[in-house]
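Here is a short briefing to read alongside your structure. Take a look at the model first, and then we can walk through its strands and its charged pairs together.

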Amino acid sequence: MKKIISLAILAVMAFTASAQLHIGGTVNAWRNGSEHETTLTIMPEVGYTISDNLIIGTEIGWNHFHKKGLNNNLFGVAPYARYTFLQSGIVGLFVEGGFDVFAGKTSFENGGESDTATTFGIGFKPGASFKVSEKVTLVTKFGFLGYEGANDAAKAAGYDEGWGLRFTGNNIEIGFFYTL
């Protein structure tokens, strides 16, 4: 038993010795004037660089959605694995796979509030990274391929449920991370 515990401790030490911690995050802002719709998402993140091609991490953040008399404020978590499939100089192309869960309340123009609105998704996001320095990397993610769902309270507040491939302004995220 002592040998198994010792091997487990050595494996964890080897993993953390080669992994690099990073902190950062992304932001997404979108205004659709014809629909009087505004979306703002702020997602701080923490992650580990496992190898030159693989990063795992999680984002924890806030999503605000406003449309014609209703306001949604949802808080969520989004763990991910990011695989860089092409690295050329300072530019890298990656695909990020993960899932997210957001929950919160919807406030209506008449002063009422919804039950807890919950949204969730699972899928892939393509992106690009730009290494500005040894410690700072700019990141952009665009598009989504997967499934997004919502409970009845979230659907009543304007969130959709569906699956497929989507490239819209709502899917563009811009951010950075700093390697410690």
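Does Glu96 count as buried or exposed? In this predicted model, Glu96 has a relative accessibility of 5%, so Glu96 counts as buried, the cut-off being under 20%.

**Salt bridges around Glu96**
- Glu96 forms a salt bridge with Arg82, at 2.8 Å from N to O.
- Because Arg82 lies in strand β4 and Glu96 in strand β5 (residues 91–108), this pair ties together parts 14 residues apart in sequence.
- Arg82 counts as buried, at 2% relative accessibility.
- Glu96 also has a salt bridge with Lys141, where the closest N and O atoms are 3.2 Å apart.
- Lys141 lies in strand β7 (residues 136–141), so its pairing with Glu96 in β5 ties together parts 45 residues apart in sequence.
- Lys141, at 1% relative accessibility, counts as buried.

- Glu173 and Lys125 meet through their side chains in a salt bridge of 2.9 Å, N to O.
- This pair links distant parts of the chain, with Glu173 in strand β10 (residues 173–179) and Lys125 in strand β6 (residues 117–131), 48 residues apart.
- Shared partners join Glu45, Glu59, Arg82, Glu96, Lys125, Lys141 and Glu173 into one network of salt bridges.
- The model's salt bridges number nine.

**Strand pairing**
- Strands β2 (residues 37–49) and β3 (residues 54–67) run antiparallel and are joined by eleven bridges, with Tyr48 opposite Ile56 in β3.
- β3 also pairs with β4 (residues 70–88) in the antiparallel sense, over 14 bridges.
- The β3–β4 hairpin has two residues between its strands, and Lys68 in the turn has a positive phi of about 35°.

Note on methods: Residues are numbered from 1 along each chain as its sequence is written. This is a predicted model: local features need pLDDT of at least 70, side-chain atom pairs count only at pLDDT 80 or more; totals for chains, interfaces and linings use all residues. Side-chain values use heavy atoms; hydrogens and water are left out. Two strands pair if DSSP finds at least two bridges between them. Helices (H or I, at least four residues) and strands (E, at least two) are DSSP runs, numbered from the N terminus. A salt bridge is a side-chain nitrogen of Lys or Arg within 4 Å of a carboxyl oxygen of Asp or Glu. Buried means under 20% relative accessible area, exposed over 50%, partly exposed in between (1.4 Å probe, protein chains only).
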